[in-house]
Amino acid sequence: MFLRNCWYLAAWSDEIAAGDMLGRQIAGAFLLFVRDADGALAALPDQCPHRLVPLSMGKCASGIVECAYHGLRFAASGHCVTNPHGPVTSALHLRPWPCVERHSAVWVWLGEADADDGAIPDLGFIDRVPEEARVYGRLHSTADYRLMTDNIMDLTHADYLHASSLGGGINTRARAEAVQQGDGVTITWTASNDRLAPLHAGFLDSEDGRGDFLNIVTWMAPAVMRQRIAFALPGALESAPLDSMTCHVMTPETAGTTHYFFCHTSDGVTADPAIAPQVHDALVAAFAGEDAPMLEAQTRRIAGRDFWSLKPALLPSDKGAVMVRRLLDRMMAEENKGLEQ
Amino acid sequence: MFLRNCWYLAAWSDEIAAGDMLGRQIAGAFLLFVRDADGALAALPDQCPHRLVPLSMGKCASGIVECAYHGLRFAASGHCVTNPHGPVTSALHLRPWPCVERHSAVWVWLGEADADDGAIPDLGFIDRVPEEARVYGRLHSTADYRLMTDNIMDLTHADYLHASSLGGGINTRARAEAVQQGDGVTITWTASNDRLAPLHAGFLDSEDGRGDFLNIVTWMAPAVMRQRIAFALPGALESAPLDSMTCHVMTPETAGTTHYFFCHTSDGVTADPAIAPQVHDALVAAFAGEDAPMLEAQTRRIAGRDFWSLKPALLPSDKGAVMVRRLLDRMMAEENKGLEQ
Amino acid sequence: MFLRNCWYLAAWSDEIAAGDMLGRQIAGAFLLFVRDADGALAALPDQCPHRLVPLSMGKCASGIVECAYHGLRFAASGHCVTNPHGPVTSALHLRPWPCVERHSAVWVWLGEADADDGAIPDLGFIDRVPEEARVYGRLHSTADYRLMTDNIMDLTHADYLHASSLGGGINTRARAEAVQQGDGVTITWTASNDRLAPLHAGFLDSEDGRGDFLNIVTWMAPAVMRQRIAFALPGALESAPLDSMTCHVMTPETAGTTHYFFCHTSDGVTADPAIAPQVHDALVAAFAGEDAPMLEAQTRRIAGRDFWSLKPALLPSDKGAVMVRRLLDRMMAEENKGLEQ
């Protein structure tokens with residue numbers, strides 16, 4: 001169901017203020033993210049070892065968490081620092097998970113293997129843009145995270161599901177190439193002197209709406225996708241492209257629900273950060289109004305059954321999505337094999 | 001749970017306009033009813049073979065269904081007629097179910113055996129009445145369809161559950177006779193010079209509310225019941241009856257939910273179709289306000305367990321309902337035996 | 001899950017008027033409490049033996065229950081007294097459960113062993129107070145009844161969960177002693193010249209809020225707790241205490257839902273019954289606003305798993321709660337052993 005030995009993007013850094021905490025379920029585990037007064041972050045189980053209640057129902061001051069039920073207190077290290085009812089024993093300590101902040105996001109490692117922060121997916125494009133020019137957020141969905149990954153890995157759906165904005169046919173007409181590189185998968189769509197999607201055509205000073213188009217999506221385990229879109233008047237893709245970078249991170253909450261973290265940056269928003277809220281709302285509207293109902297209906301129809309057991313008819317456009325599924329399945333199988341030994 | 005080799009009433013014909021479609025779950029199966037521009041109707045799986053999403057979320061123009069997700073198009077025949085992403089392969093065709101329109105209703109066959117449209121339950125009484133004099137509709141219920149059948153097959157419940165309209169005791173006092181004829185069951189209630197139900201007495205010019213009464217219900221698999229009610233002043237049942245025909249069709253949606261299709265015709269409504277809306281509202285109110293709460297509570301109490309395993313105490317008035325349950329159980333057992341071989 | 005050979009408090013006596021009935025689920029069983037015209041009470045299955053529907057959907061007049069579905073009638077003895085559809089057979093009789101009224105409450109015995117009304121938990125304190133001075137009620141909770149018992153058996157939680165009223169630390173600082181006496185468990189908290197809880201301090205004419213404190217809770221199977229709280233100015237606990245008695249009765253409805261019956265009496269309310277409604281509202285607010293959210297979250301987190309299998313870290317303050325759980329587990333194990341033989 002879930003890969004364990006990997007980094008999950010669990011929150012945007014600014015969701016947790018200094019000294020405060022945030023409870024969130026990630027890949028089935030109830031986690032508590034605690035930031036101490038100095039800003040250092042830790043990931044703890046969101047469960048009091050005493051009575052198993054959510055620590056996130058309590059309070060947090062200067063990074064010290066107090067359980068609302070019987071007043072036990074825990075430091076961000078996981079150590080129980082106060083037990084009003086007796087001695088602090090080792091049974092009262094919480095075992096922290098490896099947790100790293102990078103690219104303005106909180107990453108947590110849920111596996112048994114050693115956590116290597118070199119394996120954190122590269123979302124460095126975020127760091128290269130001033131904060132006010134980042135269009136980011138989190139959306140919650142009652143869809144399977146793997147279906148949400150499939151959705152990004154086959155962007156031909158934009159021609160139909162987002163016909164009036166990102167569609168019109170260019171995604172389907174574009175030449176697509178999918179390749180696996182190590183533990184990642186990259187799919188590239190290219191089109192030359194073609195009718196651009198309505199939203200893109202609107203940005204260019206073109207009478208016939210034609211242009212060159214480039215769309216590259218790189219998937220990294222478990223469900224992190226980094227996307228570059230560039231388009232320009234015919235022949236100008238090298239010299240004068242309108243360029244954007246977006247990440248789509250599908251962090252599973254449970255088997256059938258997902259946290260969707262997105263961050264969009266573009267030359268346009270960097271030049272005029274005042275438009276960031278409009279771009280944010282447009283991205284949210286596209287997902288909530290167009291993708292989410294479809295992905296949630298698909299999740300209900302599959303109803304927890306194995307996707308392949310339902311024998312879906314594969315199309316050439318599924319190549320990237322299938323490559324990702326096969327790779328993820330293999331990673332999970334290897335992990336389970338390791339656990340059995 | 002469900003009989004497969006039988007005709008299910010899935011919709012009233014006028015629920016699907018020319019060129020349009022209707023998604024509906026029948027006996028656990030997700031079906032899509034598509035009417036082409038010429039009016040011909042087909043029953044397809046309501047699931048795109050590509051990504052398993054409901055086709056009913058898409059659009060339908062002139063009987064061509066377009067999947068909202070990736071734009072595949074299907075004709076009413078089930079053939080994929082457009083695949084924007086590659087060749088049309090046989091894996092993309094939808095396998096239609098046998099589907100026939102008769103008695104202003106849509107019938108679908110979900111079984112493996114050959115569909116014989118001679119086996120469609122006879123609701124010819126509908127055809128013999130002008131459209132404006134038919135009082136019909138569909139109600140949704142969270143009750144087991146077999147409990148809904150039991151309810152019609154033992155109309156003594158009207159004396160208690162519908163005491164102020166169809167009750168008062170005559171159904172219980174009436175002489176009842178249940179017989180199995182081939183694959184059907186007929187139960188007949190008769191009473192002479194008895195106190196009629198309040199609703200019936202109101203129609204007659206009688207001072208003491210007495211009259212003769214005839215009520216015949218015929219069950220046909222899987223859950224189609226045709227009912228004739230006639231009543232008259234004492235001795236006038238042959239010469240001057242007030243007569244009505246009604247069908248009660250309990251089409252299972254899932255194991256615990258049911259589409260209840262009804263169509264009521266009577267001499268009274270035929271003579272004055274303007275009263276049809278009032279009659280409609282009275283029928284809906286009786287079911288929704290009196291039957292449904294009881295049948296839904298009964299379904300919750302049984303909670304998916306086998307009815308007989310709960311050892312209900314049978315009464316003489318259950319004779320028709322029990323005959324039907326035994327027959328349906330036998331039909332399903334035979335069908336399952338066939339599947340095992 | 002549930003002890004069977006024990007008395008469950010199922011209702012307050014005044015919930016069922018003379019001649020009337022009340023349907024309520026107790027320990028998974030659907031029960032119907034029927035009071036005849038003379039005031040005698042009986043506990044019957046809330047299920048018609050004919051069609052398995054809830055009898056509580058019908059009507060009750062002078063203690064005769066009529067099923068709303070087909071009109072069968074039952075006396076409080078469980079005997080079917082009217083069958084409009086045929087002879088009254090033994091299959092139509094309902095088997096009553098032993099049912100006793102005591103301490104203004106209705107007690108029912110769900111076990112196979114002989115019911116001994118000497119085993120009804122002693123809540124005699126209720127009888128010793130005039131009716132208008134009893135502060136009582138019933139609250140419904142989606143929490144496991146055993147967690148609700150744990151909550152009362154470890155009142156140190158009040159220091160944190162009810163900090164502004166019953167808390168402040170005295171419960172945790174008090175000396176606690178738990179003892180098992182026969183089939184009961186008693187835990188006693190005592191403190192001398194200590195800072196009283198804010199609510200208690202407010203009742204005393206003390207400048208520094210200090211006083212003596214006594215809190216005794218006695219648990220009786222299956223989940224009946226009787227609590228005495230007394231406090232006074234330092235040294236005056238014997239001579240001039242403010243005294244109260246409260247019962248907390250956690251009657252399971254289902255595996256994860258509970259009826260919480262409480263009755264509070266005190267010298268203060270007896271002296272001035274006009275304040276009873278305010279005390280009632282304060283008790284309801286404390287449970288609904290502070291205990292219930294915690295216990296319901298705890299129930300969701302445990303999610304039906306065995307409590308011990310989750311290896312909770314026990315504290316000295318759990319002693320009473322653990323003693324009760326071990327005793328109840330042993331009682332259930334013995335009962336199940338009896339059933340197997």
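The domain bounds used in this tour come from an automatic or database domain assignment. The model itself is predicted.

**Stop 1: the two domains of chain A**

Begin with chain A and colour residues 7-119 as domain 1 and residues 131-337 as domain 2. Taken over C-alpha atoms, the centres of these two domains of chain A are separated by 32 Å. Where they touch, domain 1 of chain A contributes eight residues and domain 2 of chain A contributes 10 residues.

Next, select strands β1 (7-12) and β2 (21-26) of chain A; each supplies at least two residues of the side of domain 1 that touches domain 2. Which of the strands gives the most to this side of domain 1 of chain A? That strand is β1(A), with four residues. Colouring this side of domain 1 by residue class shows six nonpolar, two polar and no charged residues.

**Stop 2: a sheet in chain B**

Move to chain B and display strands β1, β10 and β9. In that order the three strands form an open sheet with antiparallel pairing. Its edges are β1 (7-12) and β9 (99-102) of chain B, each of which pairs on one side only. On average, and with direction ignored, neighbouring strands of this sheet are turned by 30° against each other.

To see one pair of bridge partners, select B:Val100 together with B:Trp107, its partner in β10(B).

**Stop 3: helix α1 of chain B**

Select residues 145-153 of chain B, which make up helix α1. Is this helix enclosed or exposed? Nine of its nine residues are buried, so the helix is largely enclosed by the rest of the structure. The buried residues of α1(B) include B:Tyr145, B:Arg146, B:Asp150 and B:Met153.

**Stop 4: where chains A and B meet**

Show chains A and B together. Their contact takes 17 residues from chain A and 18 residues from chain B. On the chain B side, 10 of the residues touching chain A are nonpolar, seven are polar and one is charged.

**Stop 5: how the chains are related**

Finally, display the chains as traces. Two copies of a chain are related by a rotation about an axis and a shift along it. For chain A on chain C, the superposing rotation is 120°, with 0.1 Å of shift along its axis and an RMSD of 0.1 Å.

Definitions and conventions
Residues are numbered from 1 along each chain as its sequence is written. Chains are lettered from A and ligands numbered from 1 in the order in which they are written. This is a predicted model: local features need pLDDT of at least 70, side-chain atom pairs count only at pLDDT 80 or more; totals for chains, interfaces and linings use all residues. Two residues are in contact if their C-beta atoms, placed from the backbone, lie within 7 Å. Ala, Val, Leu, Ile, Met, Phe, Trp, Tyr, Cys and Pro count as nonpolar, Asp, Glu, Lys and Arg as charged, and the others, Gly among them, as polar. A residue is buried if 20 or more other C-beta atoms lie within 10 Å of its own, exposed if 12 or fewer, and partly exposed in between; C-beta atoms are placed from the backbone. Two strands pair if DSSP finds at least two bridges between them. Axes are lines fitted to C-alpha atoms, for helices over the stretch in contact, and angles run from 0 to 180 degrees between N-to-C directions. Copies are superposed by least squares on the C-alpha atoms of residues with pLDDT of at least 70 in both.
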